[in-house]
Amino acid sequence: MGRTKGGAAARVPKIFVMIPTYNERESIRRLLDEIDLLGIPHLHIVVVDDASPDGTGQILMQLARRRRRLHVVRRLNERGRGTAGIAGFKYALKHGAEMVVEMDADFSHHPRYIPDLIKAARGCDVVVGSRFVPGGRDLERGLLRHAITKIANFYIRRVLKIADVYDCTSGYRLFHRRVLEAIKMDNTVSLGPSIVQELLYKATLLGFTVREIPIVFVDRKEGKSTFNWRIMVQSLLMTLIIKFLFSSLRRVEIHETRRRAS
Ligand SMILES: Nc1nc2c(ncn2[C@@H]2O[C@H](COP(=O)(O)OP(=O)(O)O)[C@@H](O)[C@H]2O)c(=O)[nH]1
Ligand SMILES: [Mg+2]
């Protein structure tokens, strides 16, 4: 419990930061330290590591011995940004999270925006840290990668008809618990990075409100990106599959969600 000016106890929501990692030994310790420095009360962190060959999992286990609010999910037989994210969200919900912030481990998503995401969450269901709203920037290395991100966003917004969100591929976001509960996470089909668009699409189909706040996205300085051409093509094909599988569910799901809420 925190204290307000008048002395009354203000309830502090239980917030989890969810970070998927694959070979992030160079950055993970510093990232956790910087999140700690934000001084957000009762903040929990869950890191989902897929048996990273560089030993990220072992480093995390060591760190978790000293940090009560650091949780580590080690997946020894599974691999993938998509399924790792789902495992992390499920873990957070199981442990009572009221909001979950998801972010990358490579400092492309700087932790200084976590307080902004939490603040913006007061007025909506999902907050997206966005490169493409005023004040946001994409400082990715290379014009090519920058162009790919722009074209991918244009395509995803068109295909999935997510007109109001400018950065549909941003993996720096906050979800209220109610959104993650309503999106049936066992139904997700994305094994890789297309999970980002899949969850956003389902949230918007279900009528949840999304707000974007500006972030400056920088290229990773350490470690190696898992991005490659095969992953990019797979993600763009997944957009079509996601649309095909889920757009028809819209009416049923909205009806069910409203029924459950009332
Ligand atoms: N657990 C897990 N995390 C992953 C996997 N692939 C990528 N990540 C993490 O997802 C985040 C984004 O991946 P990254 O390689 O930076 O992709 P990019 O930002 O598109 O270049 C980083 O924190 C990665 O460590 C995976 O297979 N499993
Ligand atoms: Mg990255």
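Two residues are in contact here if their C-beta atoms, placed from the backbone, lie within 7 Å. With that in hand, here are some close-up views of this predicted model.

**View 1. Thr21 and the residues it touches.** Thr21 is found in strand E3. Leaving aside residues up to four places away in sequence, Thr21 touches Ile28, Val47, Val48, Asp49, Ser52, Thr56 and Ala105. Is Thr21 buried or exposed? A residue counts as buried if 20 or more other C-beta atoms lie within 10 Å of its own. Thr21 has 25 other C-beta atoms within 10 Å, so Thr21 is buried.

**View 2. The surroundings of ligand 1.** This view takes in the 19 residues that surround ligand 1. The closest of them are Pro20, Ala84, Ala105, Ser225 and Thr226. Strand E3 (15-21), strand E4 (44-49) and helix H3 (81-94) are the elements that give two or more residues to this shell. What is the make-up of the shell by class? It has six nonpolar, five polar and eight charged residues.

**View 3. Helix H3 and what covers it.** Helix H3 is mostly covered, with 10 of its 14 residues buried. Those buried residues are Arg81, Gly82, Ala84, Gly85, Ile86, Ala87, Gly88, Phe89, Tyr91 and Ala92. What covers them includes E3, E4, strand E5 (70-74) and strand E6 (99-102), along with helix H6 (177-182) and helix H7 (195-205). The length of H3 can be checked too: at 1.5 Å a residue, its 14 residues should span 20 Å, and its end C-alpha atoms are 20 Å apart, so the two values agree. Just after H3, look for Gly96, which takes a positive phi of about 90°.

**View 4. Helices H5 and H8 side by side.** The axes of helix H5 (residues 143-160) and helix H8 (residues 229-246) come within 10 Å and cross at roughly 10°. Angles under 35 degrees count as roughly parallel, and H5 and H8 are therefore roughly parallel to each other. From H5, the contact is made by Ile148, Ala152, Tyr155, Ile156, Val159 and Leu160. From H8, Met232, Leu236, Thr239, Leu240 and Lys243 take part. By class, this contact has nine nonpolar, one polar and one charged residues.

**View 5. A look along helix H8.** H8 has 18 residues and reaches 26 Å from its first C-alpha to its last, close to the 26 Å expected at 1.5 Å a residue. Which residues of H8 are buried? They are Ser235, Met238, Thr239 and Ile242. The buried residues of H8 pack against H5 and H7.

View 6. Most residues other than glycine have a negative phi. Asn23 has a positive phi of about 55° although it is not a glycine. You will find Asn23 in the loop between E3 and helix H1 (28-37). With 19 other C-beta atoms within 10 Å, Asn23 is partly exposed. Lys161 also has a positive phi of about 55°, again without being a glycine. Its place is in the loop between H5 and strand E9 (173-176). Lys161 is partly exposed, with 13 other C-beta atoms within 10 Å.

Notes: Residues numbered from 1 in each chain as written. Chains lettered and ligands numbered in written order. Predicted model: local features only at pLDDT ≥ 70, side-chain atom pairs only at ≥ 80, totals over all residues. Near = placed C-beta within 6 Å. Helix = DSSP H or I, 4+ residues; strand = E, 2+ residues; numbered from the N terminus. Nonpolar A, V, L, I, M, F, W, Y, C, P; charged D, E, K, R; others polar. Expected span 1.5 Å × (residues − 1). Buried ≥ 20, exposed ≤ 12 C-beta atoms within 10 Å, placed from the backbone. Axes fitted to C-alpha atoms, helices over the stretch in contact; angles between N-to-C directions. Parallel < 35°, antiparallel > 145°, perpendicular 65-115°, else oblique.
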